Amino acid sequence: AAQPPAKVLLARADIAKIAQVKAGTIKTANARWWGFAPADATDCLQNAINSGVSKLIVDNTGSDWIVNKPIQLVSNQQIVFADGVVVQAKKDSFHGNNDSLFVASGLSNIEMIGEGKAVLRMRKEDYHDAIKYTKAEWRMGISLHDVTNFTMRNLTVANTGGDGLYVGAGSNGASKNILVENCVFDANNRQGISVISVDGFTVRDSKFINTDGTAPQAGIDFEPNAPGQQLSNCVMENCLFANNTGGG
């Protein structure tokens with residue numbers, strides 16, 4: 001009999017490898033070990049992250065990783081998106097006003113690293129359809145609340161329904177030690193990045209372009225929401241701001 005196509009093989013979880021991750025004998029894992037489904041890979045990706053493996057490689061399967069709801073990050077994990085990987089918000093999903101592509105709250109020691117060209121992308125134009133979606137400006141690409149030691153590097157975050165990256169915190173808290181390096185924030189709805197409360201925030205060698213959709217529509221916005229919040233030790237180096245409807 002003819003061999004089934006590769007994508008059918010990819011859809012099967014690798015029980016033996018998953019068991020080794022669980023036992024702690026494997027420290028680097030491939031997300032496809034938890035399976036892969038071209039039409040909807042939400043559970044595969046979330047289960048891979050939930051494994052708590054130290055280093056998780058999101059493989060290039062030849063198809064987008066399509067997810068239908070926010071992906072919850074975990075502490076003490078590096079996620080590497082292989083060259084050519086696209087994590088794509090599923091059509092007719094993310095209906096909640098705060099449904100962001102990746103979410104972390106109260107976590108620490110997270111890295112999201114792209115190899116070559118890797119893209120995290122939502123469906124901004126769909127969210128503007130008032131018949132299908134409640135109008136909202138908080139469907140972020142990556143949404144952080146009171147997160148410590150977070151790095152994102154060499155990623156493109158595009159077409160979100162809010163900000164490419166949101167650096168938030170509780171009313172008297174702050175995210176801490178946030179590093180953004182060699183990233184592109186392209187065609188996001190509200191801002192490339194919104195910084196609400198942070199102690200230690202560095203952005204270097206990054207581009208903020210084509211922000212358009214909902215005011216302020218800026219490349220980056222430093223804007224605490226409450227008197228107990230802070231903007232401390234914020235540094236931006238060698239960044240480009242271009243074609244943002246609301247300016248820099």
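Start by selecting Asp-59, which is buried, with a relative accessible area of 8% (buried means under 20% relative accessible area, exposed over 50%, partly exposed in between, using a 1.4 Å probe and protein chains only). You are viewing a predicted model, in which local features need pLDDT of at least 70 and side-chain atom pairs count only at pLDDT 80 or more, while totals for chains, interfaces and linings use all residues. Residues are numbered from 1 along each chain as its sequence is written, and side-chain values use heavy atoms, leaving out hydrogens and water.

Asp-59 and Arg-32 form a salt bridge, with their closest N and O atoms 3.0 Å apart (a salt bridge is a side-chain nitrogen of Lys or Arg within 4 Å of a carboxyl oxygen of Asp or Glu). The structure holds eleven salt bridges.

Now go to Asp-163 and Arg-190, another salt-bridged pair, whose closest N and O atoms are 2.8 Å apart. Are they buried or exposed? Asp-163 is buried at 0% relative accessible area, and Arg-190 is buried at 8%.

Then select strand S17, residues 198-204, where five of the seven residues are buried (strands are DSSP runs of E, at least two residues, and helices are runs of H or I, at least four, numbered from the N terminus). S17 runs parallel to strand S14, residues 175-181, joined by six bridges (two strands pair if DSSP finds at least two bridges between them). Look for Ser-175 opposite Val-198.

Finally, pick Arg-153, Glu-181, Arg-204 and Glu-237, which are linked in a network of salt bridges.
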